[in-house]
Amino acid sequence: MRGSQPRAISNSQLTDAMAPSLSLIRAAKREGEWSADDYDVFEGSRCVGHIMLRTEAREGKPWFWTITARPESSQNSGYAVSRDQALREFNARWLNPARF
């Protein structure tokens with residue numbers, strides 16, 4: 001977990017496509033680069049990934065998502081047009097890793 005005292009995003013703020021076992025928590029401020037748009041993705045008490053708004057991202061797809069709980073693969077990260085889209089893409093890869 002990055003930083004301290006994270007703020008959870010309520011279930012009503014999560015997309016309907018989000019797996020019930022995953023939760024999105026706003027990352028707490030830590031040293032180095034940080035934004036109010038940095039989120040940690042948890043399965044229970046285990047951090048399994050991150051979603052963040054990146055200013056250096058490709059035009060039109062500023063939201064970066066990555067699954068960190070699996071071996072490194074190009075299939076475990078990507079860019080999306082919105083936070084909700086990033087959640088949907090993260091969720092799809094999390095639930096069906098062999099499909100992609």
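**The aromatic pairs and their surroundings**

Modeller: Start with Y79, which is partly exposed, at a relative accessible area of 25%. That value falls in the partly exposed class because buried means under 20% and exposed over 50%. Keep in mind that this is a predicted model.

F64 is buried, with a relative accessible area of 14%. The model holds 4 aromatic pairs. One of them joins F64 and Y79: the ring centres are 5.1 Å apart and the planes meet at 50 degrees, so this pair is tilted. F64 sits in strand β5 and Y79 in strand β6, so the pair ties together parts 15 residues apart in sequence.

The rings of W65 and F90 have centres 6.1 Å apart and planes at 75 degrees, so they are edge-to-face. The cut-off for that class is over 60 degrees. This pair links distant parts of the chain, with W65 in strand β5 and F90 in helix α1, 25 residues apart. Both W65 and F90 are buried.

F90 and W94 lead us to the helix. Helix α1 covers residues 83-95. Its 13 residues should span 18 Å at 1.5 Å a residue, and the end C-alpha atoms are 18 Å apart, which agrees. The buried residues in α1 are R83, A86, L87, F90, N91, R93 and W94. Seen down the axis of α1, the buried residues fall within an arc of 170 degrees, so they line one face of the helix. What covers them includes strands β2 (22-26), β3, β4, β5 and β6.

Next, the strands. β3 (residues 38-43) and β4 (residues 46-53) pair in the antiparallel sense over 6 bridges. Y39 has I51 in β4 as its bridge partner. The hairpin of β3 and β4 has 2 residues between the strands, and G44 takes a positive phi there, near 65 degrees. β4 also runs antiparallel to β5, and 5 bridges join them. Here G49 has I67 in β5 as its bridge partner.

T68 lies in the loop between β5 (63-67) and β6 (77-80). T68 is partly exposed, with a relative accessible area of 42%. Leaving aside neighbours within four places in sequence, T68 is in contact with C47, V48, G49 and H50. For C47 and T68, the C-alpha atoms are 8.0 Å apart in space, while the two residues are 21 apart in sequence.

Last, the whole protein. Its secondary structure comes to 1 helix and 6 strands. Along the sequence the pattern is β-β-β-β-β-β-α. Of the 100 residues, 37% count as buried. Among contacts between residues at least 6 apart in sequence, 33% join residues at least 24 apart. The protein exposes about 6000 Å², and carbon and sulfur atoms supply 46% of that.

Key
Residues numbered from 1 in each chain as written. Predicted model: local features only at pLDDT ≥ 70, side-chain atom pairs only at ≥ 80, totals over all residues. Heavy atoms only, no water. Helix = DSSP H or I, 4+ residues; strand = E, 2+ residues; numbered from the N terminus. Buried < 20%, exposed > 50% of the residue type's maximum accessible area, 1.4 Å probe, protein only. Contact = heavy atoms within 4.5 Å. Pairing = 2+ DSSP bridges. Expected span 1.5 Å × (residues − 1). Arc of directions from axis to C-beta. Areas by Shrake-Rupley, 256 points an atom, 1.4 Å probe, with all protein chains shown as cover. Phe/Tyr/Trp six-rings, centres within 6.5 Å; stacked < 30°, edge-to-face > 60°.
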